[in-house]
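Trainee: I am new to this structure and would like to know how its labels are assigned.
Mentor: Then take a look at it, and ask about the labels one by one.

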Amino acid sequence: MRPFLPACSTLKMLSAGFAALLLLGCQATDAKKVQPETPDFGSNVMILDPGMSPEVIQTKLDNLFKQQESNQFGPERYAVLFKPGVYHNKVKLGFYTQLLGLGQFPDDVMLQGGIQVEAAWHEEDATQNFWRSVENLSVTPDNGTMQWAVSQAAPLRRIHVRGNMLLDDNGGWSSGGFIADSLIDQQINSGTQQQWLTRNSNMGSWTNANWNMVFVGVKNAPDADHWPTPPYTVVEQTPVVREKPFLTLDNAGAYQVFVPALRSKTQGISWQDTRPQGETVPLTQFYIAKAATDTAATINAALGKGKHLLLTPGIYRLDKPLQVNLPNTIVLGLGIATLQPVAGNAAMSIADIDGVKLGGVLFDAGEKNSQVLLQLGDSKSNISHAQNPTTLHDVFFRVGGAAVGNTTHSVIINSNHVIGDNLWVWRGDHGNGIGWATNKTKHGIVVNGDDVTMYGLFVEHFHNYQTVWNGENGAVYFYQSEAPYDVPNQQSWMNGNVNGFASYKVGDHVTHHTAIGMGVYCFFNENPEVKLNSAIEAPAGENIRFSHVTSVSLGGTGEITHVLNEVGETSKPGHEVSRVP
């Protein structure tokens, strides 16, 4: 028979000696409870504890930054995990590095010193500060202002900034950007940022603007009544969204992933309540993949057994697509985990199912052409996922830059009701493997599904239409796009008898579509005589709605003749910016 052991709370009722012995046993038991085994995340995940020496932590962080500051196309990937507590450190953040607080709320991890991204490595030009992220922690900047001089693929999520924010570096150009589910106590100064999306956040105030500043579900958003002076676009409530799942620790110190619930018609942060709505999934239900040892076969075997997937930092070279075939599967990348096809295959295929959550992954095209890198649904169907949509969070695509890459399409969405939340779809314009006939493509993104919603869609430099939208009831809140820089001549870039391919093409059959806060730019530096007839092509109709659309000839290098179909003034040398309200 198992011996009776009284609860620790009853020890004071026992004799002093017996109570002392039992208390030692309780302490040992409690220690085991609060110190579960740490999962093997591999050598590219740095786990920090507030009990560590601040000097030791600072040395680790400084060495990491020194390696990654200008490592734009290197293979290294890192995640830095902060256990709950207070840290007296300042973090400078370089390429392919993710900072992640492991608390259940952002204020559980307090970084007293700050986080900084600047662009000294690129002469204060932040337009190439890509591929890094911070989430789920609070920051107290040492000088009162957190500098976050970034461009695309550098999201801030679920953070609390106890001070101000500055989004550029000493007046150098910057081309971001994305903040979601965050609290900024004081002012955000966007500086030279060309465009920016802020979603479901609280802030003290906002100052500055350039071409396209969009606020969706933001408390204390600026006054948008005088667009385009300044060019602020405000949507009071976010129609429907699920915040990105995140890694955290439970009260006993065990790792888990929290999956926020789907929410509708919201404004402000999701974590003001003591018990946020959502689901907690123990990390024991995840397959923890490592790029050095895992293959498409090993990962697919785990997915087929019902495991969720945690991709630790690294580059996963895949000879077959990862197959996500079970509803509600979570695929979460750490440290900008990268999927690269090597045999002309897709990198991932998601079946036409409910509730998949994909976040924190970079899809990098291989040298052998793929038809598509990521596909959702085999083909267009009538299946509704309105109650439990698939969501894409901080999902990025790259064709060329690190090396030669080729893909016909980067992403095809056939499923209905998909929600995209910060997608950058990029055909490289600099780096390695770059050229009109080198990193070959057609479209960046093709949306065939109905009722698809995008918050923050960035698509750049593809050979044909950047974005093709064939589904009904599509909605886009913030769009940023650049035409290909490297068009050799007009004859090489004709859509029949029309000059060039519009950035954003809505199918001729579509009857319902909404797009709000759009910027389309050209920089035809290979041949400044090249012209693009129209930034956007869409059918006419009372339910085809575009609002606050801007076209820009960057530095007057090339021409966009019209903004929307045949409407809008020409963006050209001497008149670089044109708008349609």
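**Labels and cut-offs**

Trainee: Why is Asp-107 called partly exposed?
Mentor: Asp-107 has 31% relative accessibility, so Asp-107 counts as partly exposed. Buried means under 20% relative accessible area, exposed over 50%, and partly exposed in between, with a 1.4 Å probe and protein chains only. This is a predicted model, in which local features need pLDDT of at least 70 and side-chain atom pairs count only at pLDDT 80 or more, while totals for chains, interfaces and linings use all residues. Residues are numbered from 1 along each chain as its sequence is written, and side-chain values use heavy atoms, with hydrogens and water left out.

Trainee: What makes Asp-107 and Arg-162 a salt bridge?
Mentor: A salt bridge is a side-chain nitrogen of Lys or Arg within 4 Å of a carboxyl oxygen of Asp or Glu. The closest N and O atoms of Asp-107 and Arg-162 are 3.1 Å apart, and the pair forms a salt bridge. Asp-107 lies in the loop between β5 (97-101) and β6 (109-116) and Arg-162 in the loop between β9 (156-161) and β10 (164-166), so the pair ties together parts that are 55 residues apart in sequence. Strands such as these are DSSP runs (E, at least two residues), as helices are (H or I, at least four), numbered from the N terminus.

Trainee: Why does Asp-40 count as exposed?
Mentor: Asp-40 has 52% relative accessibility and therefore counts as exposed. Asp-40 forms a salt bridge with Lys-290, with the closest N and O atoms 3.8 Å apart.

Trainee: Is Asp-421 buried or exposed?
Mentor: Asp-421 is at 0% relative accessibility, so Asp-421 counts as buried. Arg-199 is also buried, with a relative accessible area of 0%. Asp-421 forms a salt bridge with Arg-199, the closest N and O atoms being 2.9 Å apart. Both residues belong to a network of salt bridges that also includes Arg-157, Glu-243, Arg-263 and Asp-394.
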